Amino acid sequence: MIAHEVNFDGLVGPSHHYAGLSKGNIASEKNAMAVANPKAAALQGLEKMISLHRSGFKQGVLAPHLRPNIDILRRLGFSGDDRSVIAKAWKSAPDIVSKCYSASPMWTANAATVSPAADTADGRTHFTAANLCRMFHRSYESDFTEKLLATMFSDEQHFAHHSALPSGHYFGDEGAANHTRFAQDHGAPGVEFFVYGEKAFDNQAAKPSKYPARQSLEASQAIARLHGLKEQQVVFAQQNPEVIDAGVFHNDVIAVGTTNLHFYHQHAFLDSKRVNAELADKFADDSFYALEVKDEDVTVAEAVSTYLFNTQLLDISDENSANKFVLIAPSECEDHPRVKRYLDQVLASDAPIEEVRYFNLRESMKNGGGPACLRLRVVLNDPQLESISPRVLITEELYQDLVAWVEKHYRDQLSFEDLRDPQLIDELQAAAVSLEHILKMPNLYSL
Ligand code: SUG
């Protein structure tokens, strides 16, 4: 059946700020305490969404989570009304306040792992919300993510939802950032590629030494089971521990793929040759294309600083020519002479990438989130697409409404210190109530 890959981008929430919350994410650590511009961040994200919509791609939007998460602060012993909770927590633990204000759900590649209907045993699209248990500020995202996805993809005939995996690092799961799907076309049965950072139950196995491995093999295996995937459709691969220690905290910082193209760095995996041979073998025909970037062209450090691989590969094949892709890249790639030269060479070569489009996503990039982090891919066939609310799919009208909403409710400066301002709680709640109306999702935030 014909199906579309719909990119659901996270709308950047109004509490976007820089607090250095993610160990092993070099941009986040480097920009800790910089002053953020939440309004610019949200508008940059919306600009990418509308631009892809205008180019004919199906584009969706995922609502931000409500912040601050007062419930977590109460569970940690801070009591009173909302304002007192923040005031008390700020006094003794400002860093925890920041974590409860994090706008990290904007990176929807970490919201869930999604297996399209064409791959699963029961012919439904399966979602497993990511537990994100390695980083405290992200570890409480999954409750709302589950609710949001179940609200948006509610028809049980088409969609199945699984709760996040048990918490604790043994089942650390960071969602689609470590999951790629290859298929002849989006609607055909595919090969699902799960990349993990460590075998959590095996003390002898290779692991990174400096930074945490956020995804475990055990978690990836559980998701493949839950989604009803057959062995011959699944490939598991270990990330090279050395690249995790060099700042590749998710596989989507060093590899990207869709339909029949895998674009990755030579050092991405422990055994790249074996990995690509298995992918090619399990792929339906001999059209699988592995585009490997050599260290001499772009080093791992350059890939991490420019996010060359945290790009969106969009398949633009048509009846006249199969195998054409456009790459959606952050402007950091254009500004970097060696990376730009490499991309120009790819365009001039016979590799299937035909076009590169650069976007300014600097506010998100400064926290380690590029174009690919900002989107969750959901392959939907026509009946599935018809079953979801049109109000979560970007149109000119929705775009204008969201821009006006951002202009009205967002600050253009937010520092760590600003999080102590009790007024911010009210501002964020007012923004949330107004967004429920725009997206036609009453009671989404239960306010
Ligand atoms: O989990 N940054 C996110 C970035 C996520 C990127 N996603 C993908 N690669 N798919 C993270 O490290 C930083 C927040 C701060 O420091 O304020 C943060 O959470």
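What follows is a short chat about a few backbone and side-chain features of a predicted model.

Modeller: Local features here need pLDDT of at least 70, side-chain atom pairs count only at pLDDT 80 or more, and totals for chains, interfaces and linings use all residues. Residues are numbered from 1 along each chain as its sequence is written, and side-chain values use heavy atoms, with hydrogens and water left out.

Biologist: Why is the contact between R138 and E141 called a salt bridge?

Modeller: The term asks for a side-chain nitrogen of Lys or Arg within 4 Å of a carboxyl oxygen of Asp or Glu. R138 and E141 sit at 2.8 Å, N to O, so the pair qualifies. By that rule the count comes to 25 salt bridges.

Biologist: What makes R138 and E141 buried or exposed?

Modeller: Buried means under 20% relative accessible area, exposed over 50%, and partly exposed in between (1.4 Å probe, protein chains only). R138 has 4%, so R138 is buried; E141, at 2%, is buried too.

Biologist: And what makes R83 and D426 a salt bridge?

Modeller: Their side chains meet at 2.7 Å, N to O, so they pass the cut-off. The pair links distant parts of the chain, 343 residues apart. R83 has 39% relative accessibility, so R83 counts as partly exposed, and D426 does as well, at 35%.

Biologist: Why does S446 count as exposed, while M33 counts as partly exposed?

Modeller: S446 has 56% relative accessibility, so S446 is exposed; M33 has 46%, therefore partly exposed. Phi is positive in both non-glycines: about 50° for S446 and near 75° for M33.

Technical notes
Helices (H or I, at least four residues) and strands (E, at least two) are DSSP runs, numbered from the N terminus.
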